[in-house]
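I opened the model to look up a few contacts and some backbone details. My notes follow in the order in which I took them.

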Amino acid sequence: MSDGLAGALSLLALVALLALAYRPLGDYIARTLESPRHSRVERPLYRLAGVNPDATQSTRSYALAVVGFSVVSLLLLYVLLVAQSALPYSRGMGGMPWDMALNTAVSFVTNTNWQSYAGESTLGWTAQAAGLAVQNFVSAAVGIAVAVALIRGFTRDRSDQLGNFWVDLVRVSLRVLLPIAFVGAVLLVVVGTVQSFGADQVVDTVTGGQQTITTGPVASQEAIKELGTNGGGFFNANSAHPFENPNGFSNLLEIFLILLIPVALTRTLGTMLGNRRQGYAVLAAMGALFVTSLAVTTWAEVGAHGQSAQAAGAAMEGKETRFGEWASALFATATTGTSTGAVNAAHDSLTPTGGGAVLVNMMLGEVAPGGVGAGIYGILVMAILAVFVAGLMVGRTPELLGKKIRSTEMRYVALYTLTTPALVLVGVGIAIGLPSTAAAMGNPGGHGFSEVVYAFTSAANNNGSAFGGITVTSTFFQLMLAAAMLLGRFVPILFVLALAGSLARQGKVPETTGTLPTHTPLFAGLLVGVVLVMTGLTYFPALALGPIAEALA
Amino acid sequence: MTLSQLVSQAPTALAKLDPRHMWHNPVMFVVLVGSVLTTVLALADPGFFTIAIAVWLWLTVIFGNLAEAVAEGRGKAQAASLRAARKDTVARRLDRDGTETEVPGTDLAIGDRVVVAAGEVIPGDGDVVEGIASVDESAITGESAPVIREAGGDRSAVTGGTTVLSDRIVVRITAAPGSTFLDTMIALVEGTSRRKTPNENALTILLSSLTIVFLLAVATLAPMADYAGAPQRTLVLVALLVCLIPTTIGALLSAIGIAGMDRLVRVNVLAMSGRAVEAAGDVGTLLLDKTGTITYGNRRATSFVPQAGLDPEVLRDTARLSSLADPTPEGRSIVELALTQGAPDVPLPVGAQIVEFSASTRMSGVDLADGTVVRKGAWSAVLAWLDQTALPPSVESAVERISADGGTPLVVAVRPAHGGAGQVLGVIHLKDVVKPGMAERFAELRRMGIRTVMVTGDNAVTAKAIAAEAGVDDVLAEATPEEKMAYIRQEQAGGRLVAMTGDGTNDAPALAAADVGVAMSSGTSAAKEAGNMVDLDSDPTKLIDIVEIGKQLLITRGALTTFSVANDVAKYFAIIPAMFVAAYPGLESLNVMRLHSPESAILSAVVFNALIIVALIPLSLKGVKYRVTSAAGLLRRNLLVYGLGGLVAPFVGIKIIDLLLSTLFGSAL
């Protein structure tokens, strides 16, 4: 089968699978979060934590719970990483240096999964399975919980209660992520992903040298790595490693798992709002952004555009021959469009246009379709921005889903939209001026610049994929990127929760013919336009000096 | 707006460069700082380019101030004429013992009683407590016909600065000097008490955050450019920043707000706050009094229904005859209807005697010289007069039908000259007539998403019939002030904003509770204080205009914001290649406008950015035209005009300016 045909077929299969899962999963998540019943497994957990699962939380209390839980997670993971030599199943690995441990702990708690280390040569199984994999579940659940709190902000009428964070966290982890990840892991094992607690194999290579082959509980970590849009690989090569992602089937399954929850959450949104068409409109906007990005990346990667690619016959540098150009382009778009960050090809080696497209995907603010939960709250914030300008143009105080967008709401929206660009631009601005940065870059000129921009964009948007090339193990980069990840995750979350609270406290405004409908193709188009314009205006200078300069050279 | 208007406001615009004033507008404050910075840089490195950039940045700030000055200028003229009315008056204060003391009008206190006689100016706001007088209020309303003001009731309020034309009244002062209605008016039209409205605040937050994003993008561009081997002059970076931040809307924002208030003043409505004007655009429910707003307020004849078999002309002519001397509006309307239906216009026969309506007979009519007696009245009264027990069946059914429709049936009967049985000729259908065009306006309002509610003291049957004819959405019949309040509260609880008009003291609580309460200028001072707008023409239908002006205000803000942001795309395409084409020659292909040189590209973008402000001053003053159509239709249209237009216009504009600059100063650029 030709690469093109295989690519088209897997795309078709992917869309069909997502369409099949869309309604049942989306509605299941909505039911799970709104059900008044607790399961027998959950009750003891609440008792243990001293939480009353039937109480609801105010905005303040919900936000404190999110932050408190994350800070504790961060400390625990940090301790686990620096002290791993004292733990069982450490495979003889020493503790992580403090700056790398801090960076890694922040990275996994913020659902970023930026990796400044190589998994197979740095971490034992306890750190991987009890540390990183646990955060893969709960950091994803935190994202979904925050998104749900924002949705509740829209559905509540003159109330300050956003639900119960602990209940949301536990239910998403146990009832949504765990079962799907379990099935996903089994399927991955079936198609060939490794799952083992066996010792390293030392083998003699044909050239006469010796090679150590590491195995481990890979499939179980791989499933949640994709499902929770985490992206931190068991191995340094991530999903390009044959033990993580052995073949076309595993590749398709991984892409499916990446997109599954972000896509289905638009259904959850529609169902919880009692306005399914709103969910479809949001999905349409996300889909339009995704498809555009995919088309650009595929166009850039398939066929041989540059000189070297023409000489080689295809742009295969940095790509796995078992996946080819099409599947690599699809994976790259899926992983950057969601805030996953897993890679099955080296993004550093993508063509300038392709590399630029995946960079822009992250710059959009991770809304195409975005990380689990983060995509939903990100696009809702952009929808508020869109409705604000559009609402004025129809002559009314802007409203979204029955809530007025007043200066209080605009303040939180403005601060939300400011945070990530500020982190990226200031981070790049500081880093690029330092002489040490030039030494850390893997390439000179525009491409080297792109490497730095990519690193900060990936960190601040909690994506976690690496452009590669650049060396980020210096204390400067470890701390700068850790700060970008931490602030890029929790500052926006706090603004989202504050926004949710101020929306929840408002009374609902009834819909009339004078209300701007927000479930129409017109509004979805406007939403796409606002996302693109905001991104373009913020990042155009940086893009012009990086990928655009490279592409036009 | 004319050129001379712009020029005449130039000194005010310069005075507004005061940083303490500019600080309130974050976007333009950044431009001001940029202007100072580029001036210093241009002085350090004088040249055509550097000086031109500095000059045009100053012009950008000044043009913004000019917009505000022109908008305020319109109100200032009006304030001057109002001030003329606030002349220093001498008041005749009536002391407790009944003696009169002459004191300056400015020395009056609340509760003082003053005497005002014909030809004198009323020294302050108050209520008439004694007497009745005709008052010339043209100083305030511009309406030259005098109005009657009398003690007690809903026509007791007088306004300081108006003139008593006849008679003598005693007024109890209700407002302290300096806070009278006239003072409020002057402050309002001058805009001295202007505060940012809620929506303006929200928009300012958005504009500020955009400004911060661009500040960051441009500030971090400096080290990025250094890395790229194309270090940029601070002057160029400032120019880029000013082009990117939303200066168009930033410069015009306050002018739009002032102009919105001014448009209200032009339709003779005074809004006590900009907040109320904005709320008007959001109104979801309109409470309209039936009488005077929806209907003419008095019953009019609409048809003659003759008894079966009778020549319709007989009824028509008899009805006319019976009403010829009837001075009531009903009577006149019967005569008019008969004439339009072709009755001969002949005078009352000689010797005819007019019988006026009396409460005891409940009939009116005419006794002719030949002894024929004509009467019209309520059917029961006419039957009693004819000494009959039942109406003819055709007449009875007509009476029933008219009553059921909420109309008033007036039965016409004749008793011949020489005795004999009288005869019922038929029925005149009297009804409260809905003003022409009201149904269309209500349909328009419905399309705007606004519910109209008719408020009336009539019984439910009459009210329903008129409501159906006018096409309102709901009726509040036999309404008491308490019921009106309850209705408003109920609508507000459902999240709708309510607008209403009122003039009486008993309307005051409802006016205060409504989101937009328009008090009639002819109303009591309690009503005027409770409402947040005053209609100087006392025309309740104006509520609809007020809603449109509110919407127009928001639309203009939204449209210009969209335009302003869309402009940035072209500016990036002009400036970024110009900045970096030396380091990355490939970027030349982004120079889609094929601009003359990097320097002319940057200067052209700056010049366009300044000129577009002046070009849009008229639009910001006039407001974007509001069309009654669905919200989606409005959005589609405005997105096309201001979004797409904003995208395309600067490409064309910058190219033209570049052509001019390169032709005129090609060697310097």
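Which residues in H21(B) meet which residues in H23(B)? I took contact as heavy atoms within 4.5 Å, and helices as DSSP runs (H or I, at least four residues), numbered from the N terminus. On the H21(B) side I listed Ile555(B), Ala559(B), Thr562(B), Phe563(B), Ala566(B), Asn567(B), Val569(B), Ala570(B), Lys571(B), Phe573(B) and Ala574(B). On the H23(B) side I listed Leu634(B), Asn638(B), Leu639(B), Tyr642(B), Gly643(B), Gly645(B), Gly646(B), Leu647(B), Ala649(B), Pro650(B), Phe651(B) and Ile654(B). The residues of this contact divide into 16 nonpolar, 6 polar and 1 charged; Ala, Val, Leu, Ile, Met, Phe, Trp, Tyr, Cys and Pro count as nonpolar, Asp, Glu, Lys and Arg as charged, and the others, Gly among them, as polar.

Conventions: this is a predicted model, where local features need pLDDT of at least 70 and side-chain atom pairs count only at pLDDT 80 or more, while totals for chains, interfaces and linings use all residues. Residues are numbered from 1 along each chain as its sequence is written, chains are lettered from A in the order in which they are written, and side-chain values use heavy atoms, without hydrogens and water.

Next, the geometry of that pair. H21 (residues 542-580) and H23 (residues 631-665) of chain B pack at about 35°, with axes 8 Å apart. The axes are lines fitted to C-alpha atoms over the stretch in contact, and angles run from 0 to 180 degrees between N-to-C directions. I noted the crossing of H21(B) and H23(B) as right-handed, that is, the near helix is turned clockwise from the far one by less than a right angle.

Then I turned to the chain interface. I found 56 residues of chain A in contact with 58 residues of chain B. The two chains bury about 4700 Å² between them, 75% of it on carbon and sulfur atoms; this is the accessible area (1.4 Å probe) lost on putting the parts together, summed over both. In chain A, Met393(A), Leu537(A) and Leu545(A) lose the most area to chain B, together 16% of what that side buries.

How many salt bridges cross the interface of chain A and chain B? The rule (a Lys or Arg side-chain nitrogen within 4 Å of an Asp or Glu carboxyl oxygen) finds 1. Asp282(B) pairs with Lys404(A), the closest N and O atoms being 3.9 Å apart.

Last, the backbone. A cis peptide bond joins Ala368(A) and Pro369(A), with omega about -5°.

Note on methods. Helices (H or I, at least four residues) and strands (E, at least two) are DSSP runs, numbered from the N terminus.
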